[in-house]
Amino acid sequence: MGGSQSQLSKQLLNEYQELTYLTKQEILLAHKRFSEMIQKENRSNIESARVPKEKFLTLPELKANPFRYRICQVFSTAEQADDSMSFEDFLDMLSAFSDSATLEVKSHYAFRIFDFDGDGALSETDLEMLVNHLTGEEQDSKLSKNEMRQLIANFL
């Protein structure tokens, strides 16, 4: 852990702690995990490095999550549509899912994750996509159109 701390200045570590719901130890662990995911040539400047979405999707915490692609999309600040993540994006994600995060923060990000079309409202289309993510979109697990309509009507 000492190696991670030497790469992350005390000032930056303190700033990250003030801006997130993470402890110093959690930030240092996140820094270590992030640095393991980036290519060796980028490790000298980890704060400006970006990790491709495909690498994030291999994290055990995301691998089994039916909303893993949306999570990467919501927390990524990438200008291109590649959903790559910076270290600060990674910290934001970890902070929002932290036990220490407020209910307001958690509900804000849950809403953004479930708002598939990004229009600021949960529509019938968003709810249908939410259900499909939870039940699977394979033919044997997919709800019929009638079942889906009835379920969404019950939601609303």
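In what order do the elements of the chain run from the N terminus on? They run α-α-α-β-α-α-α-β-α-α-α-α, which amounts to 10 helices and two strands, where helices (H or I, at least four residues) and strands (E, at least two) are DSSP runs numbered from the N terminus. This is a predicted model, in which local features need pLDDT of at least 70 and side-chain atom pairs count only at pLDDT 80 or more, while totals for chains, interfaces and linings use all residues. Residues are numbered from 1 along each chain as its sequence is written, and side-chain values use heavy atoms, with hydrogens and water left out.

- Of the 156 residues of the chain, 36% count as buried, where buried means under 20% relative accessible area, exposed over 50%, and partly exposed in between (1.4 Å probe, protein chains only).
- The chain exposes about 9,800 Å², of which carbon and sulfur atoms supply 50%; accessible areas come from the Shrake-Rupley method with a 1.4 Å probe, and for residues only the protein chains shown count as cover.
- Among contacts (heavy atoms within 4.5 Å) with a separation of 6 or more, 47% join residues 24 or more positions apart.
- Leaving out residues up to four places away in sequence, F75 touches M85, D89, D92, M93, A96, F97 and Y109.

**Helix α8**

- Helix α8 has 12 residues and reaches 16 Å from its first C-alpha to its last, close to the 16 Å expected at 1.5 Å a residue, the expected span being 1.5 Å times one less than the number of residues.
- The buried residues of α8 are V105, Y109 and I113, and seen down the helix axis they fall within an arc of 70°, so they line one face of α8; the arc is that of the directions from the helix axis to the C-beta atoms.
- An α-helix has 3.6 residues a turn, so residues three or four places apart point the same way.
- What covers the buried residues of α8 includes α6 and α7, whereas the face turned away from the buried side carries the exposed residues L103 and E104.

**Helix α9**

- The end C-alpha atoms of α9 (residues 124-135) are 16 Å apart, which agrees with the 16 Å that its 12 residues should span at 1.5 Å a residue.
- Buried in α9 are D126, L127, L130, V131 and N132, and their cover includes α8 (103-114) and α10 (145-155).
- L134 is found in α9 and is exposed, with a relative accessible area of 55%; not counting residues up to four places away in sequence, L134 touches P66 and F67.
- The C-alpha atoms of L134 and P66 are separated by 6.3 Å, although the two residues are 68 residues apart along the chain.
- Just after α9, G136 takes a positive phi of about 95°.

**Around strand β2**

- S86 lies in strand β2 (residues 85-86) and counts as buried at 9% relative accessibility; beyond its neighbours within four places in sequence, S86 is in contact with F34, A49, R50 and T77.
- D83, placed in the loop between α6 and β2, is buried with a relative accessible area of 11%.
- The phi of D83 is near 55°, a positive value in a residue other than glycine.
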